[in-house]
Amino acid sequence: PEVMAMMAPYKTVMDDYLGKVVGQAAGDFLATDGRRKETALSDLTLKVLCEAAGTDVAFHDVWALDKHLKAGPITIGDVFRVYFYEDAIYLVELTGRQMQSALEHTASLWGQKKDYTFGAASGVTYAMDVSRPAGDRIAGLAYRGKPVEPDQKLRVAINSYHAQGGGGYKMFKDAPLLKNTRMWVREAVIDHITRQKTITPVTDGNWTVVESSAPR
């Protein structure tokens with residue numbers, strides 16, 4: 001009780017901060033099906049990363065399946081509940097081979113219990129055939145309508161956790177760092193919502209999951 005009493009003034013300040021409304025959601029941003037298809041929540045994250053880093057390609061986790069931004073007012077606390085890690089936004093240079101490797105790694109996590117680092121990319125198109133052996137699941141990787149070549153250079157926005165090789169993404173650790181935006185993913189999301197005032201749940205259909213390649 002003594003500790004709670006001591007902290008009460010600080011809790012009041014924090015509650016006021018977390019309760020501040022920064023914008024509106026025109027619909028639900030859910031992560032429920034994030035391992036099987038694109039979600040508006042994942043695409044929102046990728047869009048924000050691209051904006052902050054000044055590029056059109058990004059890679060990020062698709063978030064825990066129980067995370068969401070519900071339709072209606074969005075508070076800073078709502079964003080904290082979804083984007084709970086202290087990750088900064090980096091811009092790195094990846095080769096096409098490294099991008100393919102990153103997507104193959106995320107595809108290898110499909111269907112596993114510890115798939116919390118399962119990710120998605122924006123700015124490129126691809127199909128993930130999880131009926132194939134791990135390491136050979138990504139097909140049709142393309143950028144601006146053309147197949148991505150192994151030595152092709154791509155400017156990709158990622159978070160600082162991945163940049164350090166976190167989640168098994170060792171290929172990112174070797175990528176040249178072009179820019180440290182010095183902005184947290186969460187801060188960038190809050191800024192984006194504040195500027196837009198109202199955000200609408202949309203996906204751009206740039207990737208798909210094929211769970212069976214057997215003839216129908």
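1. The predicted model contains an open sheet of five strands in the order β7-β3-β11-β6-β12, with mixed pairing. Strands (E, at least two residues) and helices (H or I, at least four) are DSSP runs numbered from the N terminus, and two strands pair if DSSP finds at least two bridges between them. At the edges stand β7 (119-122) and β12 (177-184), each with a single partner strand, so one side of each has no neighbour in the sheet. From one strand to the next the twist averages 25 degrees; angles run from 0 to 180 degrees between N-to-C directions, with axes fitted to C-alpha atoms, for helices over the stretch in contact.

2. On the basis of the model: residues are numbered from 1 along each chain as its sequence is written, and side-chain values use heavy atoms, with hydrogens and water left out. Because this is a predicted model, local features need pLDDT of at least 70 and side-chain atom pairs count only at pLDDT 80 or more, while totals for chains, interfaces and linings use all residues.

3. Strand β3 (residues 57-61) pairs with β7 in the antiparallel sense over four bridges. H60 stands opposite A120 in β7. Helix α2 (residues 40-53) packs on this sheet, touching β3, β6 (88-95), β7, β11 (153-159) and β12 (contact means heavy atoms within 4.5 Å), and its direction makes about 130 degrees with that of β3. Helix α4 (residues 96-108) also packs on the sheet, touching β3, β6, β7 and β11, at about 120 degrees to the direction of β6.

4. A further open sheet has four strands in the order β10-β9-β8-β14, again with mixed pairing. Its edge strands, β10 (146-147) and β14 (207-210), each pair on one side only. Strands β8 (residues 124-129) and β9 (residues 138-143) are antiparallel, over four bridges; the bridge partner of M128 is I138 in β9.

5. Helix α4 lies across β8 and β9 and runs at about 140 degrees to β9.

6. The largest pocket holds about 260 Å³ of space. A pocket is an open set of points on a 1 Å grid where a 1.4 Å probe fits, with protein on both sides within 12 Å along at least five of seven lines; lining residues have an atom within 4 Å of a point. The volume is the space filled by probe spheres set on the points, which are joined across faces, edges and corners. Of the 15 lining residues, D43, L44, K47, T200 and V202 are closest to the centre. Helix α2 gives the most to the lining, with five residues.
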